[in-house]
Amino acid sequence: MNTVVRTDLDQLCVNTIRTLSMDAVQAANSGHPGAPMALAPVAYCLWQQFLRFDPQDPVWPNRDLFVLSAGHASMLLYSLLHLTGVKAVSKDYEALGEPSVPLDAVKKFRQLDSRCPGHPEYRWTSGVETTTGPLGQGLANSVGMALAGRWQAAHYLRPGFEDLINFNVYALCGDGCMMEGISAEAASLAGHLKLSNLCWIYDNNHITIEGNTALTFTDDVATRFIGHGWNVTRVGDANDLEMLARAFRTFLATRDRPTLIIVDTHIAYGAPNKQDTSGAHGEPLGEDEVRLSKRHYGWPEDAKFLVPDGVYDHFRDGMAKRGKELRDAWFARVKEYRAKYPELADEFYRLHHRQLPEGWDKNLPSFPADAKGMATRDASGKLLNAIARNVPWMMGGSADLGPSCKTRLTFDGAGEFSAENYGGRNLHFGIREHAMGAVLNGMALVKVRVFGSTFLIFSDYAKPAIRLGALMELPVIYVFTHDSIGVGEDGPTHQPVEQVSALRAIPGLIVLRPGDAAETAEAWQVVMKLHHQPAALILTRQAVPVIDRVKYASASGTSRGAYILTDAADQKPDVLLLATGSEVSLALEACERLRADGVKARVVSMPSWELFDDQPMEYRDLVLPPAVRARVSIEQASTFGWSKYVGDTGQSIGMRTFGASAPLKQLMQKFGFTVENVVEAAREQIRLARRRAER
Ligand SMILES: Cc1ncc(C[n+]2csc(CCOP(=O)(O)OP(=O)(O)O)c2C)c(N)n1
Ligand SMILES: [Mg+2]
């Protein structure tokens, strides 16, 4: 059989998605064919009939968003991006004219530099709205997108322009997403916030990698979501386009809560030996099974990457035509809006281009020297409030620790975001750190400026999302407070040890642990200017001295990651003391003690390794002269990684065990964060260096 059996165009398009996916996985000899084969009609129905998306302009701000949370089914998305002719977009959000996913890219699925990598990657393939693969993340991203959509509508819409921001968010997920805890956090939050612009579609195929879900997952998913406050509907046959359309219409008609559509599917639908088996999950079907499946679809068995006549046209005349009309009409409306509300329109433009408003840094507090000092979390709270007041589209919140992390926006009009007030800028994530991270990513993907906070120790609970934010290059700001054993009596469960190292190990994440209030002010200005990098501010619970900037160097060196805070009189130090955060003032004290004894010491404040590593070599060598090998680092965290700066002969004063529950002073003694200990380490370093020089 070598010709396509003529069925209706809908079926032809569905089968094209299926066969493209099968062929790509087979050619790569790697990937997941089963889910695309099963979900082709679901995705087809949604895209062709409902999704408001213009392939010519895949970044049009009011487009509907499609999230493939089951990222392993990436070929489903690539097939759609290819068949609908989605155009590539530049870094500056300009359409380039060339296709995002040419057929050649599909043929090179999973190969180096192909626009079709193993899992969908935002930023790399235009039309991919978020990076997915780690299951459940996409679902929580979609909640952030829907939430940010509601905020944008509440903030920007004016009478007569109610339809300007009304995009919907669709997320497609599988059993894996449903099992991951993050989906429960995200669903709970979305239900609570009544996000009726959110629709999840559950690929209920009863199969995961190890076999049937009878092994692991017998939840009554419908009941669970009803419990979360969702509208739940069901489609008993994934191949029934009419039933699917009805379900989507039900979603569109539901105005008071999110919708879950449970679709009963058959993984690898049409593959005679692999359908309904986990064998169709993580490996190619095999040439023979591909052929047999094609036969089942009425497809030419030997054709590969075949797009039959009429398929491109059908998408062009359906989804693409509708999308373009909607998009053009929207831009016409924006023109009218701009004429009437130029300031709001300007804001909206800046928001969508990740720009800051004029005067975003006006009226920032400054912090005079103060030996008694101030916790860096307190300084941060003041700065955040001053900045957010100047940046109308900046918002965020905490996983129930806002009062402790000082991330509440307290100025007039900031407001509380809730189902009754979508215009509020204080978000309340509840005790859901993991979802918070992924929701922040989703919000950043629709371009609002976001921050989130919790105790540093609980950054672990958000880590998978922080990592994906870094991978996606999203400018999410994390405020992590209670940053060390300095939290004292709460004890080792709440005292971070390895968290800073772990965050520093994430490529692209800017970690900043400022040493006092003034460095905190500089740090906030650094992170606000980041457009494509997430950042983590690591802040103290306890007061630390506000350093005398007349006696010592200005905090402006913070933006270079590390700077000389005080130096030997002849600028030829015998020993370098490197410190971050609360240990900077300890280093200064030790330095003064050493100086009183005639020892030439230099203190380097080192709030950010990443920023410092980015400096030219001349600057790095100026701050840390290679010839000076007597070096001591002081940081109340794991010493992991410090050898990069102190060298293999230097000493790191840090944490090598978990902490303990006790008042702060006792902990400092116990773990060696005392002036005496730093002085002794410095002297020992100098002794060792001299001995080496003599050899
Ligand atoms: C957080 C996370 N854990 C594990 C995996 C590895 N993994 C990829 S797909 C999959 C099974 C998913 O099953 P399901 O969502 O039902 O997809 P289906 O096999 O039905 O397509 C697993 C365990 C992953 N991608 N992410
Ligand atoms: Mg499954």
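This is a predicted model: local features need pLDDT of at least 70, side-chain atom pairs count only at pLDDT 80 or more; totals for chains, interfaces and linings use all residues.
Trainee: What shows where empty space is left?

Mentor: The general idea is that a probe the size of a water molecule is rolled over the atoms, and this shows where empty space remains. Here, a search of the whole structure turns up three cavities of 30 Å³ or more.

Trainee: Which residues line the largest cavity?

Mentor: Its lining is made up of Arg354, Gln355, Trp393, Lys447, Val448, Arg449, Pro475, Leu530 and His531, and by class these divide into four nonpolar, two polar and three charged residues.

Trainee: Turning to the ligand, how many residues surround ligand 1, and which are the closest?

Mentor: A residue belongs to such a shell if one of its heavy atoms lies within 4 Å of the molecule. Around ligand 1 there are 15 residues, the closest being His72, Gly176, Asn205, Ile207 and His281. Sorted by class, the shell has six nonpolar, seven polar and two charged residues, while helix 6 (175–179) and strand 6 (207–208) each supply at least two of its members.

Trainee: Which N or O atoms of the protein lie 3.1 Å, 2.7 Å and 2.4 Å from ligand 1?

Mentor: For a polar contact, we look for a pair of N or O atoms within 3.5 Å. A backbone N or O atom of Leu135 is 3.1 Å from a nitrogen atom of ligand 1, and a backbone N or O atom of Gly176 is 2.7 Å from an oxygen atom of the ligand. In the case of His281, an N or O atom of the side chain lies 2.4 Å from an oxygen atom of ligand 1. Of the 590 Å² of accessible area that ligand 1 has on its own, the protein covers 74%.

Key:
Residues are numbered from 1 along each chain as its sequence is written. Chains are lettered from A and ligands numbered from 1 in the order in which they are written. Side-chain values use heavy atoms; hydrogens and water are left out. A polar contact is a pair of N or O atoms within 3.5 Å; within protein, one must be able to donate a hydrogen and the other to accept it, and residues adjacent in sequence count only if both atoms are side-chain atoms. Accessible areas come from the Shrake-Rupley method with a 1.4 Å probe; for residues, only the protein chains shown count as cover. Helices (H or I, at least four residues) and strands (E, at least two) are DSSP runs, numbered from the N terminus. Ala, Val, Leu, Ile, Met, Phe, Trp, Tyr, Cys and Pro count as nonpolar, Asp, Glu, Lys and Arg as charged, and the others, Gly among them, as polar. On a 1 Å grid over the protein atoms alone, a cavity is a set of points where a 1.4 Å probe fits but cannot get out, and a pocket is an open set with protein on both sides within 12 Å along at least five of seven lines; lining residues have an atom within 4 Å of a point. Grid points are joined across faces, edges and corners, and a volume is the space filled by probe spheres set on the points.
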